[in-house]
Amino acid sequence: MRKTTVGEVMTGNVVTTTPGTPFKEVIELMIGAGVSAMPVVDGDGTLLGVVSEADLLHRQEHQDGSRPSIFAGRRAHELWRKAAGRTAAEVMTAPALTVDSGASLPAAARVLAQSGVHRLCVVDGGKLVGVLARRDLLRAFLRTSKDIQAEIDHDVFDGALHANRNYVRATVEHGVVLLTGRLEYEGDVATAVRLIRSVPGVVEVKNRLDYVWNGAGGHAEVPV
């Protein structure tokens with residue numbers, strides 16, 4: 001079954017900066033591009049880090065000359081030193097949170113959820129190839145019912161299960177998939193549900209399938 005990857009839904013045309021870009025120019029680039037964070041890359045496109053609005057605001061935080069007390073934690077002192085940074089390399093956060101361009105959408109969603117960030121840098125062999133934002137993942141749910149059903153028919157029923165399409169059907173409405181009919185084996189039903197849940201755009205799977213043979217080789221049917 002074909003897997004929709006991060007590379008297919010990411011934003012590929014990314015505004016970047018270099019490590020030596022002056023502080024003020026970084027701000028100008030971000031405001032001009034209308035972004036809240038910008039990857040920092042070297043000359044061959046290798047990702048070095050990310051500079052965000054939060055990184056830049058540390059300077060404003062200490063603009064009045066304030067500094068952490070001697071009892072403040074290590075993190076507070078690191079941020080205070082970052083506030084004095086003059087270039088992108090001196091204020092950026094490194095290493096950046098990344099995801100591989102070939103990763104699945106569920107895998108990327110888990111990284112976003114667990115980290116609490118709004119976007120991930122997408123890399124291929126360590127080189128920046130795009131940015132994946134939360135909204136990029138949400139766009140998958142805008143797929144039409146026709147497209148979702150076509151993928152289920154082709155990749156799940158025809159491809160993974162080799163099912164007789166005269167006896168099984170998936171009906172899709174607003175991302176909710178209703179499965180009706182009969183598959184040959186009990187295990188095929190569980191496989192169908194699992195695979196269909198991973199199809200981009202699927203919100204819910206309502207399983208009304210039954211089967212002819214159970215795992216022990218005996219005849220059985222699931223109540224519908």
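Predicted model: local features only at pLDDT ≥ 70, side-chain atom pairs only at ≥ 80, totals over all residues.
1. Two strands count as paired if DSSP finds at least two bridges between them. Helices (H or I, at least four residues) and strands (E, at least two) are DSSP runs, numbered from the N terminus. With that in hand, look at β3 (residues 98–100) and β4 (residues 119–124): they pair in the parallel sense over three bridges. Thr 98 stands opposite Cys 121 in β4.

2. Residues are numbered from 1 along each chain as its sequence is written, and side-chain values use heavy atoms, with hydrogens and water left out. The pLDDT is the predictor's confidence in each residue, from 0 to 100. Its mean over the chain is 86, and 82% of the residues reach 70 or more. Watch out for residues 217–224, though: the pLDDT there is below 50, and the stretch has 16 contacts (heavy atoms within 4.5 Å) in the model beyond near neighbours in sequence.

3. Back to β4, which also pairs with β5 (residues 127–133), this time in the antiparallel sense over six bridges.

4. Is strand β1 (residues 37–41) buried or exposed? Five of its five residues are buried (under 20% relative accessible area; exposed is over 50%, partly exposed in between, with a 1.4 Å probe and protein chains only), so the strand is largely enclosed by the rest of the structure. In a regular strand the side chains alternate between the two faces of the sheet. Here Ala 37, Pro 39 and Val 41 sit on one side, Met 38 and Val 40 on the other, and both faces are covered. Five bridges join β1 to the antiparallel β2 (residues 47–52), with Ala 37 partnering Ser 52. This pair is a hairpin too, with five residues between the strands and a positive phi of about 90° at Gly 45 in the turn.

5. Thr 17 is worth a click. You'll find it in the loop between α1 (6–9) and α2 (23–33), buried at 2% relative accessibility. Among the residues Thr 17 touches are Met 38, Pro 39, Val 40 and Val 41. Its side chain also makes a polar contact of 2.7 Å with that of Thr 21; such a contact is a pair of N or O atoms within 3.5 Å, where within protein one must be able to donate a hydrogen and the other to accept it, and residues adjacent in sequence count only if both atoms are side-chain atoms.

6. Now the open sheet, with strands in the order β6-β7-β8 and mixed pairing. β6 (168–173) and β8 (204–213) are the edges, each with a single partner strand, so one side of each has no neighbour in the sheet. Strand β7 (residues 176–185) runs parallel to β8, joined by nine bridges, and Thr 180 stands opposite Arg 208 in β8.

Notes: Lists of a residue's contacts leave out its neighbours within four places in sequence.
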